[in-house]
Amino acid sequence: QVQLVESGGGLVQAGGSLRLSCAASGRPLSSTTMAWFRQAPGKEREFVATISWSFGTTYYADSVKGRFTISRDNAKNTVYLQMNSLKPEDTAVYYCAATNLKYRPIATMTDARYFSSWGQGTQVTVSV
């Protein structure tokens with residue numbers, strides 16, 4: 001089981017940027033597909049972005065495409081989510097997640113049920 005710790009959340013004005021980090025221990029990220037999900041108050045957890053263990057292929061939710069970028073630093077065993085042009089509707093608790101699955105197409109890795117390890121979450125609040 002991989003342990004995940006998120007950081008980097010905070011309060012930002014609309015149009016601003018934040019970078020979230022997810023530090024992993026217990027398993028090298030070079031062999032792990034990772035993802036970011038978010039959950040707003042009163043809403044279900046939703047997929048944001050994912051990055052594959054092989055080749056670093058990425059896939060994004062339509063709502064964040066072109067504004068968010070997921071990346072990883074294998075040497076630091078850390079995954080990042082760079083969030084630009086933030087909107088009030090991006091306000092949520094952001095979670096990083098790791099999966100034991102290796103060979104599913106990256107575009108299918110949008111279901112939270114495929115991810116077995118989760119961080120504690122970091123709050124992102126975007127003001128108008």
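This briefing walks through the fold, the surface and the disulfide of the protein above. The model is predicted. Its secondary structure consists of eleven strands and zero helices, and one disulfide is counted, joining Cys22 to Cys96.

**Fold and overall shape**
- Along the principal axes, the C-alpha trace spans about 40 × 25 × 25 Å.
- Among contacts with a separation of 6 or more, 59% come from residues 24 or more positions apart.

- Buried residues make up 44% of the 128 in the protein.
- The accessible surface is about 6,400 Å², and carbon and sulfur atoms account for 52% of that area.

**The disulfide**
- In the bond between Cys22 and Cys96, the S to S distance is 1.9 Å.
- Cys22 belongs to strand S3 (residues 18-25) and Cys96 to strand S9 (residues 92-98), so the pair ties together parts that are 74 residues apart in sequence.
- The torsion about the S-S bond of Cys22 and Cys96 is about 50°, so this disulfide is right-handed.
- Both partners are buried: Cys22 has a relative accessible area of 0%, and Cys96 has one of 1%.

Definitions and conventions:
Residues are numbered from 1 along each chain as its sequence is written. This is a predicted model: local features need pLDDT of at least 70, side-chain atom pairs count only at pLDDT 80 or more; totals for chains, interfaces and linings use all residues. Side-chain values use heavy atoms; hydrogens and water are left out. Helices (H or I, at least four residues) and strands (E, at least two) are DSSP runs, numbered from the N terminus. Buried means under 20% relative accessible area, exposed over 50%, partly exposed in between (1.4 Å probe, protein chains only). Contact means heavy atoms within 4.5 Å. Accessible areas come from the Shrake-Rupley method with a 1.4 Å probe; for residues, only the protein chains shown count as cover. A disulfide is a pair of cysteine sulfur atoms within 2.5 Å.
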